[in-house]
Every structure is written in structure tokens, then in C-alpha cells.
Amino acid sequence: MQYRQLGRSGLRLSAFTLGTMTFGGKGAFAKTGNTDLAGAQRQIDMCIEAGINIFDTADIYSAGVSEEILGAALKGRSSDILVSTKTRFRMGEGANDAGLSRYHIVAAAEASLRRLGRDHIDLYYLHEWDGQTPLDETLEALDTLTRSGKIRYAGVSNFSGWHLMKALSTAERHRLIAPVAQQIYYSLQAREAEYELLPVALDQGIGVQVWSPLAGGLLSGKHRRGKPEPEGTRQLAQWGEPPVYDVEKLYDVVEVLVAIGAERGVSAAQVALAWVAHRPAITSVVIGARTDAQLADNLKATELALSAEEMARLDAASAPPLLYPYWHQARTASDRLSRADLLLLGPSISKG
């Protein structure tokens with residue numbers, strides 16, 4: 001297992017993280033899985049044996065049950081194991097039981113600590129943007145939690161590029177604890193993060209954890225052009241998260257994944273995970289599974305290194321279109337681009 005520095009912080013994360021959205025299976029999260037305590041303990045054993053040192057959850061997952069199961073499953077294990085969790089979404093009926101106010105953040109962190117049975121959270125994410133709460137209030141709450149020892153590091157999730165830059169600027173201006181990481185959606189199915197989020201990560205020294213690297217199972221190799229939808233999965237036409245805007249392009253990507261997998265004697269899912277893990281700026285890839293067998297297959301991706309030719313085939317099949325101003329920059333600014341710029345524009349410039 002490779003361990004990578006989390007952005008500009010001194011924290012080192014394993015290149016893969018176990019996501020625990022499947023733990024609990026309550027309410028709307030039942031469709032993701034229903035792993036109980038015994039199942040969670042087995043999966044955690046598998047991950048620790050593979051070298052994973054961080055486990056990710058959120059207060060909203062199964063209304064806190066995921067945190068409870070994770071905390072119970074980690075009880076008595078090494079103190080070197082890291083936990084990340086999140087806050088922002090509604091956790092009660094009160095007027096202040098949601099959002100990124102000081103009131104909600106502090107209360108949510110204390111509730112997460114109780115459910116996890118821990119005295120601190122290693123990496124605490126703002127789970128989604130809150131455009132109605134002043135950022136200095138939000139960051140002051142994170143600063144208070146950090147200085148009191150209740151969280152070690154702070155991050156953001158599902159922020160846009162300007163949201164993240166505003167957070168960094170606000171933290172610098174007010175001398176508050178700044179986010180050191182972002183948790184984002186990124187996969188071969190949708191590479192929009194390359195427009196702003198990954199360049200910002202490279203430019204500002206922000207660590208990146210990737211959620212849903214298999215696009216909710218779309219890149220597992222089960223969904224193929226001209227073949228029946230597999231039993232027990234969502235119908236592609238009804239897919240909500242992540243949304244599928246170009247079904248034919250998705251099928252093109254899957255065919256390349258399946259072909260490379262067949263050539264290497266591995267699953268399409270392993271190929272998709274390896275691609276994400278070796279993209280610029282990525283710190284750790286969050287994997288999760290309904291079953292032990294799925295998890296065992298995903299863990300094998302930690303040992304898979306794709307060749308430059310294989311990465312190029314996948315890049316070509318999945319490349320995002322250049323939106324404005326990027327197509328203009330590719331044509332007219334190629335003599336003065338940074339490493340962050342070239343993450344998106346490099347392939348287009350090399351072709352031109």
C-alpha cells in the first residue's frame with residue numbers, strides 16, 4: 001500500500017480509503033447496502049490487512065448508524081487508524097439541525113464523537129456548501145474544534161472551485177484553520193473535477209479523496225452496451241447519482257475497461273480504480289462494497305499499476321470537452337501554463 005501526504009498537511013493517508021455508506025442500511029441508504037457490525041468488522045480486517053489506514057463515514061449515513069457501527073468495529077484497534085466524517089445535512093427537526101452555522105457544526109461534531117466512541121475526529125469535512133452562512137463563522141467553528149482537540153484536520157466536500165478558494169482566502173484573512181483536503185466525485189464516467197477542483201488542489205496544496213470512483217457501479221463492467229441490465233442493480237435510465245448525460249460515451253469507456261481488464265487478467269472495476277488512484281493530485285480513493293467479495297476485488301486494485309498506453313486509452317475514451325475559457329487557453333496560452341493548468345489542457349495541447 002502506498003501512503004500519500006494529504007495536501008500541504010503532514011498527515012499521510014493510504015492510497016485507498018474504506019467508505020462506510022453501506023454500514024447500517026437505514027432509510028434512503030438501504031439501497032447502498034446494509035452491512036451490520038459483524039460484516040463491518042470483517043471488512044475492516046480485510047482493509048487493515050491490505051494496508052488501509054483511514055475509514056470514511058458521515059453523520060447523515062443511515063442517520064448516524066454508520067458512525068455507530070464504524071466506532072464499534074474500530075473499538076480496541078490501533079490508535080494509528082484514522083477516521084474521517086462529515087457534517088452539513090439535516091440531522092433533526094429543529095431550525096438549526098442543518099447547515100454550516102457555528103451552532104450546527106459544533107453540535108454535530110460532538111454528536112459524531114459520541115456515536116464513534118472517540119475523543120477526536122482525524123479529518124472533518126464540510127459535506128456540502130452552505131451559501132447562507134458566512135464562511136468566517138463556519139471556519140471559526142472548525143478552528144474552535146481544532147484548538148479544543150476535537151478534530152485534527154478540516155476539509156470540504158462537494159464545493160465548487162470558487163467555493164474552495166473563498167474558504168482558503170477567508171481562512172487566511174481571519175487567521176483561521178484552513179481546509180487541507182477536499183472529498184469530491186471523480187471517475188472515468190465524469191471528469192468535471194478536472195476543470196477547477198483538481199487544478200485548485202495542485203495549485204493550493206489541497207489533498208483529494210475521491211468518492212464513488214466506480215460511478216455507483218456503472219464502471220464495474222456489469223453495464224454493457226446491448227446487454228440486459230444485471231439483476232439487483234439500478235436501471236441505467238433511472239440513475240440519479242451520478243447522473244448520466246451521455247450513455248453511449250459511458251458504454252465506450254466500459255468497453256475499454258473490460259478490454260484492458262481481460263488483457264491484464266483483472267476486473268474492469270480494478271482498472272477503473274487504478275486509473276483514478278494514479279491521476280494527478282489524488283491522495284486517496286474511497287472504495288466501498290455491499291459484499292466481502294466485492295471489497296476483496298476492489299482491494300486488488302491497490303496492487304495494479306496501469307501502463308502509460310493503458311492510461312492513454314482510458315483518457316481518450318473519457319476525455320471531457322474543453323469548456324470556455326479552457327479551449328481558448330489551450331489555443332492561445334500554451335506558452336505560459338502551470339502544472340495545474342496542464343492537468344486539463346495538457347492532452348489538448350499535445351494533440352494540437
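1. Aspartate 56, which sits in strand E4 (residues 54-56), has a relative accessibility of 2% in this predicted model, and because buried means under 20%, aspartate 56 counts as buried. Its side chain is joined to that of serine 84 by a polar contact of 2.6 Å. Once neighbours within four places in sequence are set aside, the residues in contact with aspartate 56 include Thr17, Leu18, Gly19 and Thr20, together with Tyr61, Lys86, Tyr125, Gln183 and Gln209.

2. Helix H2 (residues 65-74) is largely enclosed by the rest of the structure, because seven of its 10 residues are buried. The buried residues of H2 are Ser66, Glu67, Ile69, Leu70, Gly71, Ala73 and Leu74, and what covers them includes helix H1 (37-50), strand E5 (82-87) and helix H3 (102-116), as well as E4, the strand that holds aspartate 56. After H2 comes glycine 76, whose phi is positive, near 85°.

3. Turning to a pair of helices, the axes of H5 (residues 161-174) and H6 (residues 197-204) come within 9 Å and cross at roughly 25°, which means that H5 is roughly parallel to H6. The crossing of these two helices, H5 and H6, is right-handed.

4. As for the residues involved in that pairing, H5 contributes Gly161, Leu164, Met165 and Leu168, which meet Leu197, Val200 and Gln204 of H6. Sorted by class, the contact of H5 with H6 has five nonpolar and two polar residues, and no charged ones. An α-helix has 3.6 residues a turn, so residues three or four places apart point the same way.

Conventions:
Residues are numbered from 1 along each chain as its sequence is written. This is a predicted model: local features need pLDDT of at least 70, side-chain atom pairs count only at pLDDT 80 or more; totals for chains, interfaces and linings use all residues. Side-chain values use heavy atoms; hydrogens and water are left out. Axes are lines fitted to C-alpha atoms, for helices over the stretch in contact, and angles run from 0 to 180 degrees between N-to-C directions. Helices (H or I, at least four residues) and strands (E, at least two) are DSSP runs, numbered from the N terminus. Angles under 35 degrees count as roughly parallel, over 145 as roughly antiparallel, 65 to 115 as roughly perpendicular and the rest as oblique. A crossing is left-handed if the near helix is turned anticlockwise from the far one by less than a right angle, and right-handed if clockwise. Contact means heavy atoms within 4.5 Å. Ala, Val, Leu, Ile, Met, Phe, Trp, Tyr, Cys and Pro count as nonpolar, Asp, Glu, Lys and Arg as charged, and the others, Gly among them, as polar. Buried means under 20% relative accessible area, exposed over 50%, partly exposed in between (1.4 Å probe, protein chains only). A polar contact is a pair of N or O atoms within 3.5 Å; within protein, one must be able to donate a hydrogen and the other to accept it, and residues adjacent in sequence count only if both atoms are side-chain atoms.
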